[in-house]
Amino acid sequence: MTFTSRGFALGTRVLGKVARFLPDGRHDPLSTESGEIGRHVNRLDGPAKVSGGIRYTADHVPDRLAYAVAVPSTIAKGRIVAVDSARALSAPGVVLVMTHENAPPMKRTGAYATLKAPVGAAAMSLPILNTDRVYWNGQPVAVVVAETQEQAEHAARLVNVRYEPEPAVLAMSDEAAYTPAHSVLEESKTVVGDVRAGLAGAAVTVRAVYTTPPEYHNALELHATMATWDGDDLTVHDSSQYPYGVKEMLAKKFGLPLARVHVLAPYIGGGFGGKTPAWPHVALTVAAAKLAGRPVKLVLSRAHTYWMTGGRAPTRSRIALGADERGRLTAIVHDALATCTTDEFAEAAIAASRHLYACPSIAAHQRVIRVDQIQNAFFRGPGVTPGSFALESAMDELAWELGIDPLELRLRNEPDRDPISGRPFTSRHLREAYLLGADAFGWQDRAPLPRATRDGHRLVGQGMAAAINPDAVLIAAVRLRLSADGTITIHSSTNELGAGTSTAQTQAAAQRLGVPMDRIRFLQGDSDVAKTRIPGASAATTTLASAIWNARDRLVRELLTIGEGGPLAGLRPDEVETRDEGLFTRDGRGQTYRRLLERAGRDHVEVTGKSAVPYQTVKRTTGTYGAHFAEVQVDEDTGEVRVTRWTGAFDGGRIVSPKQAISQMRGGIIQGIGMALMEETLLDERSGRIVNAGLADQHIPTHADVPPIDVRFVDRPDPQTPLGAKGIGELGIVGVAAAIANAIYHATGRRVRALPITPDTLLTPGAIDGRSRH
Amino acid sequence: MREYAYVRANDVAEAIGLASEGPVAYLAGGTNLFDLMREEVERPERVVDISRLPLSAIEELPDGGLRLGALARNAHVAADDRVRRRYPVLARALLNGASPQLRNRATVGGNLLQRTRCRYFYDLGAACNKRTPGAGCDAIGGFDRGHAILGASESCVAVHPSDMCVALAALDATVNLTGPDGDRNVPVSDFHLLPGETPQVETALRKGELVTSVDLPPWPPVRGAYVKVRDRASYAFALVSVAVLLQVEGGRIAVARIALGGVAHKPWRAYGAEELLTGAAADEPVFGAAAAEAVAEARPLRHNAFKTELARRLIRRTLGELS
């Protein structure tokens, strides 16, 4: 995912013209070296996490802390006529009630997710609590601050708000659909070749409509913010994926210099993109703390998570594929529609259709419709995840039409250059992933026809789908401190999303600096370390590795300077290696770090490292790739689907920390199983209210829903990236839903083109395209 | 959450005395009550903690039946040897409910009295006759996929969420009560009520009355099954569930009990189907006819027509498997 402003998008287009003249990525010698990289090590933060040793935002309880609860609107659109706070104010323990009438002014910021603003993390440009307008059902219309959480919750229910409702747009329809100025990643409309001719000349065509519902991240940790003002200095603990962005956003909203805003978020309990933008409660907590004159903490309840933070927009994809009789694609048409809000963040379902297959004609068109709902958000594999359900289901349909094995069909359409831009790939080993996965799964044993295998009441089937996700290298800086005892501390403004970043970076840094892992401390989540723009996008591993690489080079220069007169005298940086806990030439001349610092009489050496500008991602097409192989059992009487076996094989470049990487892929696959079979956010189109606002009704997979998952990696370094690695945080979920739908087809002979595939879906006779249930 | 007074009862009489007036709730496992209190759907001013009362035993009855103490934990009942041997349908139903953590907390009495999971009931921003009589029902015309197909009214289409109660209904269990006016017992099938015009009245329980135990009558050796269809493999309420007891003698059906879950405001006994089965030949056409009879009165809503078909298929298949 590339996080760009409109200006940057234009710049990218200009750069595209000169792309071939840009430099390639610097070759990283570590990408092929063995050592700590590639070792199966346990997660460093694991013991602390399972023993309660990690303090998350909500765990902080400073002196004089007050608790805040936001009041959700009950209409989708209109005006607040009056807010009656009297009863709330007289309830036990209430400190204050903040409404649009007494909230401090907060400057409007560009909405992060819309890409209109290159900086900051605000989720939306709307002036929440600085306006009497209501934009969605569930919008915060007041904030109650009290001495305890329970008192604040109770008093929040006593705030009486009178509204003047207006008609709201709540349903997805074609009528008001339009082409947004930009979509996440790329342009909203792309045409290559002549799809009309491509379809007309095709031996076989498939045309179908696929839908995905609104979905939520359902992170285990609830969104939480705690704000403390000390004069004009603001310290905020926040469950954010993007501490530096929150710092910028709050500085702007409250008119403060950047240096006065300090945001801390070392650990979060799951984000999946939902904690990339800062939702209104973040600024409102800061405003409430200002009014209260004491620290204020706000933890969204689970219900408020659905009402006050956004999820993935629903999508509808019309796909047309054409192929010649040998299965070579002649045309790909993908027209996608998604909901958005005034801030126009498009869930670009067309993304996969542009880059997955070689095809002489491709037409991809993203449209949106504005609705009066909470703004939709990034969610693991934005666009590409719902879009791949459409494309990869259609490819399966094409395979059956052609009578060609679905895996074989994909192998026949594997491109050697990007099908849209014609640019080379930094690396792409999807063919290897297909074969690796198929072999591990035993794909060749699959029955050639649907409905061929039965186990009691249950029909058994296998399906597969491809996975693809863009690979981004973003911007980060780290502070590296070498101490006299030879230990190294690396500070970063990124945080541990739960993916194992700190473990992977410790492995990589240990090898980069030539020290054992236990000499390295990798500390994260402090916005003040350095400007760091990694709000997600699976970009932490490579971006941080780039910054640490740069820090290593600076450290070498610094050590050679202070080592004047010693055994390193006169050596150039490229003549020494960082190994054996020090600097040494190839023939063994040199000194350990400890000795170096001791000789120089230094307590420590500190350097800053910045990530390199990722020109290679403009010059070439970047991506991560994979193949899912699924087995399902479908109870024909009840429509229940159980996933019984899974193999995922992935090209994620060099795998830095295999144990963390395997977990990350498994997590993505599990989330994809949820997407395929159960996850759906229900918005009542009469009121705009999200109805299933709780984990009791918003089902995600339990252990019993998860089969053994076999994860394989091609594990070949990308010659263009730091460590030879690629970002795999999001890749695992992409294609999962299609693999399951395709397996259900193989089991039952029934094609389901609408998610989620709940039991009633398969009990409904006839074609299953549009949604007609709930 | 509103402030409330917490009092612990030392014996049953004291509990009843403490609960005889005002907005009061008994607290046993608390797994449903506290959720509802936090949402302010339940607003007791006094909570009477009965969790330490000596009502958790599982005891033999003189007639060969079994008595389940109201405070017996769901997990204990499901694991009890006598229950597993003599009433396997109940053990299966309990194990199909909630999660291990909840089953460790939840009690027999609390399970009987748990309230519907209708989301409109939970959301104070929505209209609900059960929560505020006369306010209207937002579930009607809304997301009604999980709602009732049998016995619903214009006032309420909510369903009773329990698995345990479906098995108890099939087993002809009896609920033992004590209260200000003394002891009495109510068959479990009469304990829960249909919504009618008063969906806020959910059970036959009178003010201050306390469930003390549930009696399982002695059963001849019958075959039984509890089958539950839900949106995921575990930890989800039933879309439709069915408890079936069947005894076949010489090719004829001697005993048949069918209760459905997830389809009505109460565990739904399919009396018509039972009648049709009793004395009939144990074969597929009879099972099909009984299954059809069980849902003959179904009145599906906008999004739950599948429940009728699902209930029919589950009953037919389960009968076939037990015969």
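These notes go through selected local features of the two-chain model, point by point.

1. Basis. This is a predicted model, in which local features need pLDDT of at least 70, side-chain atom pairs count only at pLDDT 80 or more, and totals for chains, interfaces and linings use all residues. Residues are numbered from 1 along each chain as written, chains are lettered from A and ligands numbered from 1 in the order written, and side-chain values use heavy atoms, with hydrogens and water left out.

2. Cavities. The structure holds 11 cavities of 30 Å³ or more. A cavity is a set of points, on a 1 Å grid over the protein atoms alone, where a 1.4 Å probe fits but cannot get out; lining residues have an atom within 4 Å of a point. Points are joined across faces, edges and corners, and a volume is the space filled by probe spheres set on them.

3. Largest cavity. Its volume is about 620 Å³. Of its 36 lining residues, the closest to the centre are Asp697(A), His699(A), Arg145(B), Gly146(B) and Asp231(B). The lining has 15 nonpolar, 13 polar and eight charged residues. Here Ala, Val, Leu, Ile, Met, Phe, Trp, Tyr, Cys and Pro count as nonpolar, Asp, Glu, Lys and Arg as charged, and the others, Gly among them, as polar.

4. Second largest cavity. The volume is about 160 Å³. It is lined by 18 residues, and Pro214(A), Arg312(A), Pro314(A), Gln373(A) and Ile374(A) are the closest to its centre. By class, the lining has nine nonpolar, eight polar and one charged.

5. Helix α6 of chain A. Helices (H or I, at least four residues) and strands (E, at least two) are DSSP runs, numbered from the N terminus. In α6(A), 10 of 11 residues are buried. Buried means under 20% relative accessible area, exposed over 50%, and partly exposed in between (1.4 Å probe, protein chains only). Lys247(A), Glu248(A) and Lys253(A) are among the buried residues. The buried set packs against β10 (233-238), β11 and α7 (280-292) of chain A. Gly255(A) follows the helix, with a positive phi near 60°.

6. Pro257(A). This residue is in the loop between α6 (243-253) and β11 (261-264) of chain A. Pro257(A) is partly exposed, at 46% relative accessibility. Its C-alpha is 9.4 Å from that of Asp233(A), 24 residues away in sequence.

7. Helix α12 of chain B. Which residues of α12 (284-294) are buried? They include Val286(B), Phe287(B), Ala290(B), Ala291(B) and Ala294(B). These residues lie on the same side of α12(B), because they cover an arc of only 135° around the axis. The arc is that of the directions from the helix axis to the C-beta atoms. An α-helix has 3.6 residues a turn, so residues three or four places apart point the same way. The cover over the buried residues of α12(B) includes β11 (252-261), β12 (268-269), α11 (271-277) and α13 (305-322) of chain B.

8. Gly322(A) is in strand β13 (315-323) of chain A, and its relative accessible area is 0%. Beyond four places in sequence, its contacts (heavy atoms within 4.5 Å) include Leu199(A), Val204(A), Arg328(A) and Ala331(A). Gly322(A) and Ala200(A) are 122 residues apart along the chain, with C-alpha atoms separated by 8.1 Å. Val134(A) is in strand β4 (133-134) of chain A and is buried at 1%. Val134(A) touches residues including Ser73(A), Ile75(A), Ile80(A) and Tyr163(A). Its C-alpha is 6.9 Å from that of Ile80(A), 54 residues away in sequence.

9. Backbone points to check. The peptide bond from Leu755(A) to Pro756(A) is cis, with omega near -5°. Pro756(A) is in the loop between α18 (736-748) and α19 (759-763) of chain A. Asn218(A), not a glycine, has a positive phi of about 50°. Asn218(A) is in the loop between β8 (204-212) and β9 (224-230) of chain A, and is buried at 12%. Asp172(B) also has a positive phi, near 55°. Asp172(B) is in the loop between α9 (164-170) and β6 (174-179) of chain B, and is partly exposed at 29%.

10. Annotation. UniProt, in an unreviewed entry, places "domain: FAD-binding PCMH-type" at residues 1-221 of chain B. UniProt positions are in the numbering used here, feature names are shortened, and annotations may be inferred rather than shown by experiment. The span is 27% helix and 17% strand, and its end C-alpha atoms lie 49 Å apart.

Definitions and conventions:
On a 1 Å grid over the protein atoms alone, a cavity is a set of points where a 1.4 Å probe fits but cannot get out, and a pocket is an open set with protein on both sides within 12 Å along at least five of seven lines; lining residues have an atom within 4 Å of a point.
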